[in-house]
Amino acid sequence: MAKKTLALTLAMTLYVVQTTPTTPQERYHEDLTIRPLTDGKVVTAFTFTTLLGGASPRDPRDAESSAQHYTLFPLTLGQILREYSVTELHLSLNAGKWNYNSWGFPDHPSVGTGAELWAWMADGGPLSVDNRWMGLRNALAGLFCASLGSLDDRRTSSPASAFPLSSVPISHDSTPYALRHATLPSEHVCTENLTPFLKLLPCKSRAGLARLLDPQRVFDTDWHGLGVHVRSTEAGIELSLGAQAVFDPVRRNGGKRRDWSFQSLFDRQIDVSCPVASSSTIHLVVPDIRGYNLSPEPVASNDTVNIYSPTSHVPLDITMSWPEEYTFKYPLPPPAPQTPLSVKRTLYGSSQTRGVLFVSFSNNDHSPITVGYLETLPALVTLWMHTMKVDVGGIARDDLMSDMIYHPPLLLANGHHGPSTLQTTLTIPAKSTLRLSVDLSKTFLKYTEHPPDAMRGWDLPPAVLFPVPLLLDGERANASLAGQSIPKRMYTPTLLVDLATPDFSMPYNVIILSCTLMTLIFGSIFNLLTRKWTIVKMVD
Amino acid sequence: MMLLPNSDCSLAESSPNSFSNLDTTVMDRIWPRRQNGNVVRLRRRKNAAALIYRNLSKITTALLATGYLWMALIPIPPLSQGVYIDENALQPAQVNTNWNWQDVHQADLYLHHLEGFRDKNATSEQRASFIRDEFAKLGLSAATQNYTFMTPSSNVSGINAYAILNSPRTSGSEAIVISASWLSEVGKEPYNLRGIATVIALAGFLKNYSLWAKDIIFVIGDNYLDGIHAWLNAYHGTIPQNLNTDLLELTSGVIWNALNIDYSGHSFSHLGVFFEGLNGRLPNQDLINSLRLISHYSAGVPLVLYDHLELHDAPQNSLLTSAPEFMKRSPQLREFEHRARNVKRHVSYQARGRPSAPHGLFHHFRIDAITLYAVPADGPHGFFALGRIIESTLRTSNNLLERLHASFFFYILTTPATFMKIGTFLPSAVLVAVAMIFSGLGQWVEAGWVQESPSELHPQGKEDDSKAANATITTVTTLQPTWRPRRRPVIPVITTICVTHCIGLLAFAMIDTSYFLQNQVVASWILLLALGLVPQALLTIIPSQPPETAPFSLLLQSFNLCLASTVISITSLLNFSLAATLAVTLGIPLICSRLFSRPSQTSTSHFSKPCQLAVYAAYWILTWGWLLLPQEVEKAVWNWEVLGVWFAPFVCIVYAPLVMQAGLVGLSQS
């Protein structure tokens, strides 16, 4: 007993000695935003933020690494960040197609289908940025049980203007920073990704808002995604873990009512609050239309948002119901798009050799919109830039496109082809649709490059639309016509491209047939070549 | 043998021999057996070739007979085998279906509205906007599409309505289509109202499940074929010149499978499947096999081909009705007749390249699609059974991880449960083609040589003797008929062939005009007469050949047979039904075309001029007689203009010129 007490005291003393001078202040916030939509869907966005006060990312040139002691910040992630001296990290794993028109802008902007990983790293030090990037994605693949390891140089690019550095630099000297960005559209988020995600939270899913993240329900939603975002701010390193889901209570209800509650959506209530959270809030964005009942009463509210606190009010089960509505009727005509810009991207043509990449941008606003457009395509397809056409209402408008950068796929040292990137700035006139089309050809893969599994086709990553700074200082004559930009990044849906695929299910037929043919041709030619020709006398 | 019919020595392969200059006796001593072996082998080879050449007509006849007999025997049961599911992922009829009476009630309500539209003769726009609004009320994104096809005869326009169910959790890069056309052309009832009602009710039902791995697209096409065709072209961004439409507002991913619903009757007893597509393409057989299992196990509905009821079910208008009683009773004959009807229907769709129902338009875009046809009857099935079958088939398609590829793409379904592999039917047409090319090559050889009787040989004997003297062994040629090579002028023949094909092209250009289609009866007769006279005129232009060269008709027939045989062999791989039809129509007429030709003035004529003209008239009717089938011509031209079916140009540019050449062979002097 005495021994135990001594050990405990020793540990405590050591802890105090270790932590008091160096351990930064750690704070943990959790937040849930709920947005009921007019089409009956409910958008939920969980944000779990841990601030590691006073800390800064490791300078890659520093050889020795200090000890890491965290109370709230997840150690596993901290070790990875320190090992590869990552300044800024964004990882998202999403399933589904975000419908900007009906659901509006998401709370966490990274909603591209599949896995997306991008990181800013300071350059210098013994290990190159590419080496650290490889280590980082392999470490994250292990941590999150996702195939991030396949985000190799065939998918990696560095589009810095679309994914700018938002962190505060390490020191004031001009350390160069490098961006690495890769997407894997065929990656599908699953329970095996949620479990390691929840482990990063101080209260896991046992208390607090994360209590609601029941995989059975979250992974049944129309759209769901997990995100990990690390930035270094003035105050320290900020880790923000996000989970978003778009629920459809009408579907759960057999197409009848749109009433929902925590119990019906998540199959759980918040029955315990997380004791280490310094703040925990729920924001409910109340819809414009009336006729609903909300319970319980919010702790604070204004015209648009009701605020609930799961710390003071436990157990909490927010319930929203429309008592006078027997069956929910979808609004007709469908409501106007929720975002100023609607994007549609398709791959036309049904052949296995060529196609047309077609993107249409519809401006729903009364003023022009200027956006950056970024397309990162694996070397499976080759864009033919001379066929690029931009038109509005059938009239060619090349003047609406500017600052175009195109990098064709590069042959890398290891025999891989890097991705091709196309980046341009587009101005979409008010209340009109701009159509951009480029012809593309599809490659014929070597047979070793085909994956061993069932061949459904190859996914092309989503295109990204990003806000651009508008030139208002007279640099361009039509700057005033450029209007506004979009507030956040937008992602288009992914595309599936069909390449010519041999039927691998019957290799033996193919081998036998082609070998027979080869033998016949070789045998007869060899026979003719090695023979000597003579005159034979014939007596009749 | 044919090339060197009378030479004493010939080139032959032998073992390494550097002593060819040595004395023959020495050579014989060194390699006596070897040398003999070479001679024996050469002689054997020559004899074999001589045997084939001597019996060429017998061989040709045997090949032709085998080919035609094989074709006739296609419906016999031993040539077919049982169908089976090849793709493991499909797992047909393994799910519990949820479609219920509540959904049937919804379908009934939609049907009530649609009947209202039918009764008040609503416009396309009213119908399409109603359907679009119904989709939108279900919470789906829905839109309409206006289209106009410009054809020589008239403009075809309409409005399609479609909706996309963005399946939860999916990236939306793959899709399945469920479609229905406003009209139905199979049964008596012209409107496919129940089919459309089923599709809308299904939309409301399917959106309540999160298990779909692909987007589901619902398409209601206007008219019968052109609506779906316009929609598919707009979806894939391949809008042809004569189609006036805009790109679709809503799109989804790559479409792998499509089901087209045709339910025009009141109730149904059997579910029929239509599968022939545009230009004779067939869907993967797994799709049909899955449907057969699903319809049997999930709803207890027997699957039949087309609207042909099962053998034991109905006294269909049978060929056997006028047959003697014992034949009527024979189960083998009845089975044969049942299968023959299915094959005949299949060939009539595939040879014409016409889609048998709207699903066939999907095949053009590499989408496996079939039409589910509810065979009209007094009962017992309705929306309930059909909904279950479609739901289960969708679940099966939903299981696919890759495109359907495992099962067959080339097959003939003799009954829903039995099919023929390509190896059991393709040889029939190929045998006929082989007979034709043998016959053509035989003619080519014949054209190259002229036989001379010994008496004729004497004046030239001096030269031959001196040649023969050079050979070590003198042959006794004077007693045998000798062969003398002659020139084969091919330029006039090739020109004639090119001109006939150009005439075909011109004829097609004329048929494909609005003027022709508007005054079809008169224009057909004028064109028919003109096309009958043109070859006559053509023959007069051809310069007469000097008598020592090969006759024109012989060479023309040789080329004609080789060309026709090539066409049949190539077509047989792409579209067996068309190849078989060609083999039947071309085989005997082309091989026999020279039998009726007028022999040269020197020998006695065994065919009089009028008789020869009558034969020519028969060929002429075989070539262009179809012009007198106005409906067929109009339909074929419409199919070419709107759907891009190759049948009309193929007949005009390939088939007709081939028969025309055969007619010329008969008409020209030999």
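## Overall make-up of chain B

Chain B contains 23 helices and 15 strands. The model is a predicted one. Of the 670 residues in chain B, 46% are buried. Among the contacts in chain B with a separation of 6 or more, 82% are between residues 24 or more positions apart.

## Annotated transmembrane spans of chain B

An unreviewed UniProt entry gives the annotation "transmembrane region" to several stretches of chain B: residues 51-71, 408-438, 490-511, 523-542, 549-568, 574-592, 613-631 and 643-667. This labelling comes from the record.

Two of these stretches can be described from the model. Residues 490-511 of chain B are 95% helix and 0% strand, and the C-alpha atoms at the ends of this span lie 32 Å apart. Residues 523-542 of chain B are also 95% helix and 0% strand, with end C-alpha atoms 29 Å apart.

## The nonpolar core

Which residues have the most contacts inside the largest nonpolar core? They are Val199(B), Ala203(B), Phe218(B) and Ile370(B), in a core of 288 residues. Helix H23 of chain B, residues 647-667, provides the largest share of this core, with 14 residues. As background, nonpolar side chains in soluble globular proteins tend to be buried together.

Ala203(B) can be followed in more detail. Apart from its neighbours within four places in sequence, Ala203(B) is in contact with Phe135(B), Leu138(B), Leu140(B), Ala163(B), Leu165(B) and Phe218(B). Phe218(B) is also one of the core residues with the most contacts.

## A residue in helix H5

Phe130(B) belongs to helix H5 of chain B.

Leaving out neighbours within four places in sequence, the contacts of Phe130(B) are His113(B) and Phe117(B). Val177(B) is 47 residues away from Phe130(B) along the chain, and the C-alpha atoms of the two residues are separated by 20 Å.

## Where chain B touches chain A

How many residues does each chain bring to the contact? Chain B brings 45 residues and chain A brings 45 residues. On the chain B side, strand E1 (9-14), helix H2 (32-54) and helix H5 (124-137) each supply at least two residues. E1(B) gives the most, with six residues.

By class, the side of chain B that touches chain A has 13 nonpolar, 22 polar and ten charged residues.

## Domains and annotated span of chain A

Chain A is divided into domain 1, residues 23-321, and domain 2, residues 341-497. The C-alpha centres of domain 1 and domain 2 of chain A are 28 Å apart. In the contact of these domains, 20 residues come from domain 1 of chain A and 26 residues from domain 2 of chain A. The domain 1 side is made up of eight nonpolar, eight polar and four charged residues.

The unreviewed UniProt entry marks residues 508-529 of chain A with the annotation "transmembrane region". In the model, residues 508-529 of chain A are 100% helix and 0% strand, and their end C-alpha atoms lie 31 Å apart.

Strand E4 of chain A covers residues 114-122. How many of the nine residues of E4(A) are buried? The count is nine of nine, and the strand is mostly covered.

E4(A) pairs with strand E3 of chain A, residues 86-95, in the antiparallel sense over eight bridges. In this pairing, Leu89(A) has Ala119(A) in E4(A) as its bridge partner. E4(A) also pairs with strand E5 of chain A, residues 177-184, in the antiparallel sense over eight bridges. Here the bridge partner of Trp120(A) is Leu179(A) in E5(A).

## A five-stranded sheet in chain A

Chain A has an open sheet of five strands, in the order E19-E20-E16-E23-E24, with antiparallel pairing. Which strands are the edge strands? They are E19 (401-407) and E24 (490-491) of chain A, and each pairs on one side only.

Within this sheet, strand E16 (residues 369-377) and strand E20 (residues 420-428) of chain A run antiparallel and are joined by nine bridges. One of the paired positions is Leu377(A), whose bridge partner in E20(A) is Ser420(A).

Key:
Residues numbered from 1 in each chain as written. Chains lettered and ligands numbered in written order. Predicted model: local features only at pLDDT ≥ 70, side-chain atom pairs only at ≥ 80, totals over all residues. Pairing = 2+ DSSP bridges. Helix = DSSP H or I, 4+ residues; strand = E, 2+ residues; numbered from the N terminus. UniProt positions renumbered as here; feature names shortened; annotations may be inferred. Buried ≥ 20, exposed ≤ 12 C-beta atoms within 10 Å, placed from the backbone. Contact = placed C-beta atoms within 7 Å. Nonpolar A, V, L, I, M, F, W, Y, C, P; charged D, E, K, R; others polar. Core = buried A, V, L, I, M, F, W, Y, C linked by C-beta atoms within 7 Å. Domains from an automatic or database assignment.
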